[in-house]
Amino acid sequence: MGETAARPLRADAERSVRAILEAAERVLSSDPGASMEQIATAAGVARTTIHRRFAHRQALIDALASSAARQLVQAVEDGRPDTAPPLVALHRITANVLEVKGAWAFALELPAEPGSEAAALHEDIGRRCITVLERARADKLIDEAADLHWMRRVYYALLGESLRGSPDDTDIDTDTLAARIIETLLHGAGPRT
């Protein structure tokens with residue numbers, strides 16, 4: 001996770017790292033140039049605590065990106081992509097991903113460094129997405145000639161636009177947004193037949 005220690009963290013150290021990462025997300029979302037000291041203050045820890053866990057700012061950023069990516073992987077897994085009926089899996093995954101992306105917007109917008117844990121996790125998520133789309137195609141929810149890699153890109157774009165939202169969307173819950181995304185992905189804006 002970017003910490004200097006290779007062994008598992010004690011519970012208090014793990015809480016400290018979690019508090020630092022949560023504070024880093026909040027602080028860097030509003031000020032991407034914020035200092036380690038500002039992040040430490042927001043986390044309620046000493047600056048030395050951050051430096052003990054993260055050798056430098058980039059190590060903290062890398063840990064933030066990896067932590068957010070792991071949460072995204074868990075959101076996908078919680079949707080049961082291999083076992084739930086494809087339409088159910090798509091909806092669950094979409095609602096879960098909206099929650100995680102909403103909470104970790106800064107970290108998930110960071111470009112993943114090639115070869116990093118975050119990059120590998122995002123690649124895995126992309127493969128899982130294709131698997132769910134293949135299952136949806138097998139259930140005749142998607143045309144057999146559809147380009148699934150293009151559909152994945154459209155799906156990601158729909159997620160992004162839903163998160164950016166509009167003034168009309170402020171009171172919409174994630175399940176409703178997920179339903180809209182899936183409806184648009186599978187049926188577009190054309191008339192129902």
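Visitor: How many residues does H8 have, and how far does H8 reach from its first C-alpha to its last?

Guide: This is a predicted model. In it, H8 has 17 residues and reaches 24 Å from its first C-alpha to its last. That is close to the 24 Å expected at 1.5 Å a residue.

Visitor: What secondary structure does the protein chain have?

Guide: The protein chain has 9 helices and 0 strands. Read from the N terminus on, its elements run α-α-α-α-α-α-α-α-α. The C-alpha atoms fill a box of roughly 65 × 40 × 30 Å, taken along the principal axes. Of the 193 residues, 39% count as buried. Among the contacts with a separation of 6 or more, 66% are between residues 24 or more positions apart.

Visitor: Back to H8. Which residues of H8 are buried?

Guide: Buried means under 20% relative accessible area. In H8 the buried residues are Leu148, Met151, Tyr155, Leu158, Leu159, Gly160 and Ser162. Their cover includes H5, H7 and H9.

Visitor: Why does Leu148 count as buried?

Guide: Leu148 counts as buried because its relative accessibility is 6%, and the cut-off is 20%. Leaving out residues up to four places away in sequence, Leu148 touches Ile130, Leu133, Glu134, Arg137 and Ile142. Leu148 and Thr131 are 17 residues apart in sequence and 9.4 Å apart in space, C-alpha to C-alpha.

Visitor: Is Ser162 buried or exposed?

Guide: Ser162 is buried, with a relative accessible area of 17%. A polar atom of its side chain lies 2.9 Å from the backbone oxygen of Leu158. Beyond its neighbours within four places in sequence, Ser162 is in contact with Leu98, Leu177 and Ile181.

Visitor: What span should H9 have, and how far apart are its end C-alpha atoms?

Guide: The 14 residues of H9 should span 20 Å at 1.5 Å a residue. The end C-alpha atoms are 19 Å apart, which agrees.

Visitor: Which residues of H9 are buried, and where do they fall around the helix?

Guide: Leu177, Ala178, Ile181, Ile182, Leu185 and Leu186 are buried. Seen down the axis of H9, the buried residues fall within an arc of 155°, so they line one face of the helix. These buried residues pack against H5, H7 and H8.

Visitor: Is Arg128 buried or exposed?

Guide: Arg128, found in helix H7, is buried, with a relative accessible area of 17%. Setting aside its neighbours within four places in sequence, Arg128 is in contact with Val76, Glu77, Pro81 and Asp82.

Visitor: How much space lies in the largest pocket, and which residues are closest to its centre?

Guide: The largest pocket holds about 520 Å³ of space. It is lined by 23 residues, and the closest to its centre are Leu72, Val97, Lys101, Tyr156 and Leu159. H4, H5, H6, H7 and H8 each supply at least two residues of the lining. Of the residues closest to the centre, Leu159 is also one of the buried residues of H8.

Definitions and conventions: Residues numbered from 1 in each chain as written. Predicted model: local features only at pLDDT ≥ 70, side-chain atom pairs only at ≥ 80, totals over all residues. Heavy atoms only, no water. Buried < 20%, exposed > 50% of the residue type's maximum accessible area, 1.4 Å probe, protein only. Polar contact = N/O pair within 3.5 Å; in protein donor to acceptor, adjacent residues only side chain to side chain. Contact = heavy atoms within 4.5 Å. Helix = DSSP H or I, 4+ residues; strand = E, 2+ residues; numbered from the N terminus. Expected span 1.5 Å × (residues − 1). Arc of directions from axis to C-beta. 1 Å grid on protein atoms, 1.4 Å probe; cavity = no way out; pocket = protein on both sides within 12 Å on 5 of 7 lines; lining within 4 Å. Points joined across faces, edges and corners; volume = space filled by probe spheres on them.
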